[in-house]
Amino acid sequence: MSPATPFDHSEHHHLHLAVALDGTGWHPASWREPVARPRDLLTAGYWADLVAEAERGLLDFVTIEDGLGPQSSHPLDPDDRTDQVRGRLDAVLVAARVAPLTRHIGLVPTVVATHTEPFHISKAIATLDYVSTGRAGLRVQITARPNEADHFGRRAVERIEAYDSPAAQGLVTDLFDEAADYVEVVRRLWDSWEDDAEIRDRATGRFVDRDKLHHIDFEGRFFSVKGPSITPRPPQGQPLVTALGHGTVPYRLLARQADVGYVTPRDTAHARAIVAEIRAEQEAAGRSGETLHVFGDLVVFLDDSQAEAEARRDRLDTLAGEPYTGDARIFTGTAAQLADLLEESAGAGLTGFRLRPAVAGHDLPRVGRDLVPELQRRGRFRTAYEADTLRGLLGLARPANRYSATAPAAATAV
Amino acid sequence: MSKPLKQIHLAAHFPGVNNTTVWSDPAAGSHIEFSSFAHFARTAERAKFDFLFLAEGLRLREQGGKIYDLDVVGRPDTFTVLAALAAVTDRLGLTGTINSTFNEPYEVARQFASLDHLSGGRSAWNVVTSWDAFTGENFRRGGFLPQEERYARAKEFLATAHELFDSWGADEILADQAGGAFLRDARAGAFVHRGQHFDIRGRFNVPRSPQGRPVIFQAGDSDEGREFAAAGADAIFSRYSHLKEGQAFYADVKGRLAKYGRRPDQLLILPAATFVLGDTDAEAAELALEVRRQQVSGATALKHLELVWNRDLSAYDPEGPLPDVDPLVGEEHISRGRAQVRMYRDPLAIAREWRELAEANKWSIRDLVINTGNRQTFVGAPATVARTINEFVQADASDGFILVPHITPGGLDPFADKVVPLLQEQGVFRADYEGTTLRDHLGLAHPDSAAPAERAAS
C-alpha cells in the first residue's frame with residue numbers, strides 16, 4: 001500500500017455496521033408512519049424486505065429483537081397499552097425464514113437464556129447456520145420480568161424495582177452467570193461433533209467415527225447438560241455470540257463469552273471508559289488474545305437535514321404523547337453528521353455500531369443509501385461483501401474445535 | 001350407485017435416523033445441508049403433496065454404552081428447517097415432530113404460531129411424548145416422567161397450547177395509523193392455565209395465525225395414544241401399512257370419534273410407507289431385495305439382533321446361524337434412545353420364533369433380519385404401486401400415506417414423476433392445490449375462534 005494514499009482504505013480502518021430490527025422501528029409511535037406497514041408485521045414478506053434492504057447496504061448483520069412476553073413500555077412489568085405494537089414472531093424462525101432469500105448478510109436473532117433450553121437453542125442456531133450457509137449468530141438476553149416467569153411456571157423470579165438497583169444486584173448477577181453457563185453449553189454443543197465426524201465408511205459400515213463425537217458433560221450451578229448435540233458442527237464452527245450490556249455484570253458476560261458486545265455510551269468519553277472496562281474484564285477472563293468487538297448502539301433518525309430529522313422526531317414524540325428515551329443515545333441528523341459521530345466514537349475504541357432505526361421503513365433505507373455511501377467515500381466501509389460467512393465479515397477466523405485432539409495449540413493461544 | 005372415490009392424501013417423510021435410510025448408496029447426499037431439504041420439499045410440492053414431515057430425536061442413540069454408528073446419525077433442528085423451507089415452497093404443508101416432555105407450552109406455542117404466520121398457514125405439529133431419563137440428561141429440566149404420566153402431560157400440554165393459540169382473536173390487531181389504536185383490546189393474549197403439569201398465566205405474545213392453530217398429528221399406537229388422537233388430533237401417523245391390520249386400526253380409531261362429538265372425516269389416518277419402483281414388477285422386486293441388503297449390513301444385522309437378545313453379540317458371524325444363548329431378560333436394556341425397543345415385549349418368544357424361521361429357511365443372522373425386518377410397503381412398477389395405494393385407501397385401510405424414501409434427498413423423485421401422474425389420471429389425487437393452507441389440503445375446518453368473553457374467563 002502506498003503511504004501517499006490520502007485515505008487508508010485497508011480493512012483495518014473499516015467500521016462494522018449492524019442494524020437492530022424491532023417491529024416497525026424503535027420509536028413507539030413508528031408504526032403510525034405511512035411507510036411503517038404495521039399490518040404486515042406478522043408476515044414473512046415484511047421481514048424479507050427489511051433484511052434485503054440491509055443486505056443492499058452491505059451491512060454486516062441484522063439483529064432481531066424478541067421476548068417471552070408482550071412488549072411493554074415498562075422495563076419489568078407488562079402494560080395495558082393498546083396504542084403501541086404488541087405481539088411478535090419468534091426471532092430465530094424469522095431469521096430462518098429469510099435465510100434462503102439472502103446471501104451475504106449475517107442473521108442474529110435474540111434468544112432468552114432465562115427460560116429456555118440451551119440444547120434446543122444450540123441446535124436451532126447451528127441449523128440457522130446451515131440454512132444460511134455460515135451467517136448465523138445469536139444475541140443472548142436475560143429476563144427478570146416476573147410476568148415472563150409466570151408464562152413458564154417453572155421458577156419464581158424475585159420482583160425487583162430496576163435492573164440497576166442495589167437490591168437487584170444478586171438476582172441480576174445470578175441471571176447473567178446463568179446466561180454465561182448457558183452460552184458455554186451452547187458453544188460446547190456446537191463443538192461436540194468434530195468437523196470430520198461423518199465418515200460414511202462403506203468398508204466397516206460406520207456412518208460416523210464415534211470417537212469424534214463428544215459428551216460435553218457440563219455441570220454448573222444452574223443446570224447440567226450431557227450432549228453431544230444431535231446436530232453436526234455448523235459451517236462456521238462457532239456461530240457468532242453477541243449480547244447487550246449496560247454495566248459491569250453484563251460486561252463480564254461479554255468478556256467471558258461474546259464475539260460482539262453492544263454497549264450504550266452517552267458520549268465519546270463514556271465510550272472510552274466502557275471499552276477500557278470490557279478490555280480489562282476480557283483480560284481477566286483469559287481472552288485477551290481473542291477478537292471481541294465492542295459495538296456502540298445508537299437510535300437513529302436520518303434525514304436530508306437536521307431540521308427535518310428533528311421535526312420527524314418531534315412529530316413521533318407528539319403522537320406517542322411523550323419524548324422517546326431509551327437505554328441508547330439518540331442521534332437526529334444527516335448521514336454526514338452520523339458518519340462524523342461514528343468516526344469520532346471509533347477513535348474511542350468502538351469497532352462497530354448497531355444502529356436502531358427509529359422507523360424501520362424510513363431509517364433503515366437511509367442507513368444503506370445515505371450513511372453507507374458516506375462512509376465508503378471516507379474509506380471507512382466495505383464496497384462489496386468480502387467474505388462468505390458472518391465470522392469472515394467480522395474478521396474472525398473459523399475456530400479450532402475444543403474437543404479435537406489435533407487442534408493446533410496456536411489456534412487458541414493467538 | 002357405488003360410493004364416490006376418496007381423495008388420497010400424500011406426504012413426504014424426510015429420510016430418518018434409522019436403517020431404512022441407505023447412506024452407502026452413491027446417490028445418497030447430505031441429510032444435514034439445507035440443499036437436501038430444499039430438494040426434497042420442492043419435489044414434494046411439484047408432486048402436489050399435502051405436506052412434508054420431519055421426525056425428531058433429542059439424544060444420539062446408544063447401544064452397548066456407545067453411540068450407535070451404523071445408521072445415519074444427526075439431524076438439524078426441526079423448527080428452524082421448517083421455517084427455512086417455507087421460503088422455498090408456497091403450498092406444501094410443514095409438519096414437525098415436537099416432544100411434549102422436553103419443552104414448555106408457551107415456547108412451543110409461539111414457535112408453531114410463528115411458523116404458521118411465516119408459512120402463510122402451513123404448519124402442523126406431530127405431538128410426541130417421551131419419558132426416558134437418558135434423553136432428559138440433555139435438558140436443564142431433566143425430564144424423567146413415569147410412563148403412565150406421559151400421556152397425561154402430553155394431553156395437558158396440547159390443551160394448554162390450544163388455550164394459548166386461542167388467546168388471540170383473529171381481529172385483535174387494528175393498526176389504525178390515523179386513530180392511533182394498534183390493539184382492539186388491551187387483554188389480547190390473556191390466559192390462565194392451572195393444571196397438574198402446568199400452572200401458568202399471563203399473555204401470549206403471538207397473535208392469531210392463519211390456521212388459528214397448527215394441524216395436530218399424533219403418532220402413538222397404544223390405547224391411550226389412540227384415545228388421545230380421537231379426542232383432539234387432526235391426523236394420525238400410524239404404522240399399519242398392510243391391508244387387514246390397516247382396516248382394523250382405521251375402524252378402531254374412527255369408531256372412537258363419535259364419543260367426542262367428532263365426525264370420521266375430522267381425523268385422517270396416514271400410515272408410514274416405504275416403496276421401491278421398477279420398470280416391471282419383477283425388476284422392482286429385485287431392486288427391493290438389493291435395498292434390503294443395503295439397509296441391513298452384517299454389522300447392522302448383529303446390532304438388530306442385540307435389540308432382542310439384549311447382550312453383546314459382536315462375536316457372532318452375521319452370515320452364520322442365530323445365537324444359541326437366550327436373550328437377557330429384565331436387565332437394563334442394551335439400547336437407549338430408540339423407540340423400537342418397546343416393540344420387543346417378550347424376547348424369549350421372539351428368539352424362539354426367529355430360530356425356527358431361520359432353521360426352516362436356512363437363513364443366516366443377516367438373512368433373518370433382512371426377511372423379518374421392515375420390508376418395503378409398496379414394491380412394483382408405477383402402475384402396480386398406484387393401484388395398490390388406491391385400493392388401500394378406497395378399502396378404508398387409510399386416508400393416504402406418509403412416504404418414507406430410502407435415499408436422501410432424491411428418493412422421492414421417481415414417485416413424484418411416475419406414480420403421482422397415474423393417481424391424478426385416476427382422479428384420486430389433486431392435479432393442483434386448491435387452497436393455500438394445510439387445513440385446505442387436508443379438508444379440515446378452520447378452528448372456531450373463542451369469543452372474547454370466553455377467552456377472558458378461561
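The model is predicted: local features need pLDDT of at least 70, side-chain atom pairs count only at pLDDT 80 or more, and totals for chains, interfaces and linings use all residues. Residues are numbered from 1 along each chain as its sequence is written, chains are lettered from A and ligands numbered from 1 in the order in which they are written, and side-chain values use heavy atoms, with hydrogens and water left out.

**Exercise 1. Describe the overall build of chain A.**

Step 1. Helices (H or I, at least four residues) and strands (E, at least two) are DSSP runs, numbered from the N terminus. Chain A has twelve helices and 13 strands.

Step 2. The radius of gyration is taken over C-alpha atoms, and the globule rule is 2.2 Å times the number of residues to the power 0.38. For the 414 residues of chain A the rule gives 22 Å, and the computed value of 21 Å is close to this, so chain A is as compact as a globular protein of that length.

Step 3. The C-alpha trace of chain A spans about 70 × 60 × 40 Å along its principal axes.

Step 4. Of the 414 residues in chain A, 62% are buried (under 20% relative accessible area; exposed is over 50% and partly exposed lies in between, with a 1.4 Å probe and protein chains only).

**Exercise 2. Describe the overall build of chain B.**

Step 1. Chain B holds 15 helices and 15 strands.

Step 2. A compact globule of 458 residues would have a radius of gyration near 23 Å, and the 23 Å of chain B agrees.

Step 3. Along its principal axes, the C-alpha trace of chain B spans about 80 × 50 × 45 Å.

Step 4. Buried residues form 62% of the 458 residues in chain B.

**Exercise 3. Which strands form the closed barrel of chain B, and how do they pair?**

Step 1. Two strands pair if DSSP finds at least two bridges between them. The closed barrel has eight strands, in the order S1-S2-S5-S6-S9-S10-S11-S15 of chain B, with parallel pairing. From one strand to the next the twist averages 30° (axes are lines fitted to C-alpha atoms, for helices over the stretch in contact, and angles run from 0 to 180 degrees between N-to-C directions).

Step 2. Strands S10(B) (residues 235–238) and S11(B) (residues 268–273) are parallel and share four bridges. Ala235(B) stands opposite Leu268(B), and Ile236(B) has Ile269(B) as its bridge partner.

Step 3. S11(B) is also parallel to S15(B) (residues 400–403), joined by two bridges. Here Ala272(B) has Ile402(B) as its bridge partner.

Step 4. Five of the six residues of S11(B) are buried, which leaves the strand mostly covered.

**Exercise 4. Where does helix H6 of chain B pack?**

Step 1. H6(B) (residues 223–232) packs on the sheet and touches S6(B) (123–128), S9(B) (215–218) and S10(B). Contact means heavy atoms within 4.5 Å. The direction of H6(B) makes about 165° with that of S9(B).

Step 2. The buried residues of H6(B) are Gly225(B), Arg226(B), Glu227(B), Phe228(B), Ala229(B) and Ala230(B).

Step 3. These buried residues pack against S6(B), S9(B) and S10(B), and also against helices H5(B) (150–165) and H7(B) (243–255).
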